[in-house]
Amino acid sequence: LQEENGFNDASIKAIDESTDKVLDYMGNPRADHGYQTFGLLMGDVQSGKTATFTGICHKAIAAGYRFIIVLTGTKSSLRNQTQGRLDSDLTGTSMDSSGRQQKKFHQRGIDWNKLTTVEQDFNSKRLDSQIAPDNPKQVTIAVTQKNSIILGNLLEWMTRVESLGIRNLPLLLIDDEADAASINVNKPEEDPTKINEKIRRILRNFDKAAYLAVTATPFANVFIDPQVDEAGEIRQGELPDLFPRDFIYVLPPPKGYLGVERLFGDYGEIEEDSLKYRSLIPMTLSEDCDGDESKFYDGNFKANEEIYELPPSLKRAVLYFLCVCTLKDLDLNQSNTSMLVHVARYKKVQSSLKDRISELISRVKALADTEQYRITPELLANPLFAELEELWNEGCGNEKWYEDPIHGRRPPTLKELSA
């Protein structure tokens with residue numbers, strides 16, 4: 001974690017403590033009786049949930065779990081990304097630029113049986129996959145997309161190898177993005193939705209099974225039918241649904257995490273000084289209006305509206321982001337950098353916003369292409385260059401390096417770069 005992912009000691013300690021607590025809530029794989037546990041791991045967006053459930057997998061295997069299934073979202077790209085992450089951080093393998101598998105670290109006493117790869121999910125070609133339940137060192141892992149056909153393939157394979165004793169293997173099933181596709185949204189008198197029903201059937205194929213839902217938005221999960229009778233007892237004779245009846249664990253945000261509380265205040269609507277109502281960004285929604293006639297964004301876009309001009313604050317944010325990307329390139333920092341801009345749930349609004357941002361980036365590229373070799377009076381008089389120069393030299397004024405050099409050096413000014 002420290003060498004590959006840049007985690008500091010405090011973050012590693014927090015993951016260690018959280019994984020211990022979650023594992024304590026799950027069933028004991030060495031118990032002499034069967035069980036099913038259902039839990040929920042909730043964490044903020046981009047706050048380390050994947051690192052946490054990877055740590056849970058490590059400790060679950062050490063405790064005696066022998067079959068790991070990780071259900072990703074509904075997109076194959078997310079499955080491939082999660083598979084690569086678990087290959088690297090759990091099984092200790094990675095792919096080089098030529099597609100050759102490399103061993104990152106060795107885990108003594110574990111024989112990995114990988115049912116899926118970055119290139120291939122559990123499709124029909126994987127139905128001949130082998131498993132050796134009698135081998136106490138073998139740990140089987142599958143990282144699958146939440147797709148009814150793929151989950152059906154997995155169930156068919158389980159039926160084929162049932163006679164080998166697969167039911168006796170303790171199962172940990174991690175459902176990432178658990179509020180997407182996993183929830184049964186049909187009426188009680190109807191059959192469950194296909195993906196939900198197949199997840200429940202997979203769990204039923206094992207005598208010892210722990211289900212862990214992972215999400216940043218658990219609203220749908222907590223409203224799953226808990227399947228209890230009037231006396232508060234679980235109804236018998238039903239295929240258990242995915243309600244987190246055993247535990248809900250909330251991951252504390254890592255130190256320095258920039259989330260909604262830091263941006264908008266802890267109490268939102270009831271906090272007098274909350275930024276929530278002081279940070280509305282004016283959006284020009286008509287080509288014809290300006291000044292006092294401009295219609296400002298009030299949180300209620302209509303589906304057919306478009307954005308015709310970037311607000312100054314958003315334009316400044318995009319230009320600042322471009323400066324950050326340039327600084328990373330100068331430092332030969334190859335890590336991914338992205339900026340999310342989301343103002344409405346309507347495609348037309350978001351599409352028009354994308355067009356305006358693309359136009360701004362095109363103007364910056366054109367400026368760079370024509371003026372990259374010399375400083376001219378025309379360049380110095382260009383308002384776009386002036387804004388970029390100010391952002392590069394002065395920043396926003398609240399960057400961490402102004403307070404403490406431990407957060408990184410202040411970047412050189414444009415004048416220093418051109419000297």
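Mentor: Thr-19 is buried, with a relative accessible area of 1%. (Buried means under 20% relative accessible area, exposed over 50%, partly exposed in between, with a 1.4 Å probe and protein chains only.) This is a predicted model, where local features need pLDDT of at least 70, side-chain atom pairs count only at pLDDT 80 or more, and totals for chains, interfaces and linings use all residues. Residues are numbered from 1 along each chain as its sequence is written, and side-chain values use heavy atoms, without hydrogens and water.

Thr-19 belongs to helix 2, residues 9–25. (Helices, H or I with at least four residues, and strands, E with at least two, are DSSP runs numbered from the N terminus.) Leaving aside neighbours within four places in sequence, Thr-19 is in contact with Thr-52, Gly-55, Ile-56 and Lys-59. (Contact means heavy atoms within 4.5 Å.) Phe-53 is 34 residues from Thr-19 in sequence, yet their C-alpha atoms are 7.5 Å apart.

Now follow helix 2 to Tyr-25. The whole structure holds 5 aromatic pairs. (Rings of Phe, Tyr and Trp, the last by its six-membered ring, pair if their centres lie within 6.5 Å; planes under 30 degrees apart are stacked, over 60 edge-to-face, the rest tilted.) Tyr-25 and Phe-247 have ring centres 5.1 Å apart and planes at 20°, so they are stacked. Phe-247 lies in strand 9, so the pair ties together parts 222 residues apart in sequence. Tyr-25 is partly exposed, at 45% relative accessibility. Phe-247 is buried, at 6%.
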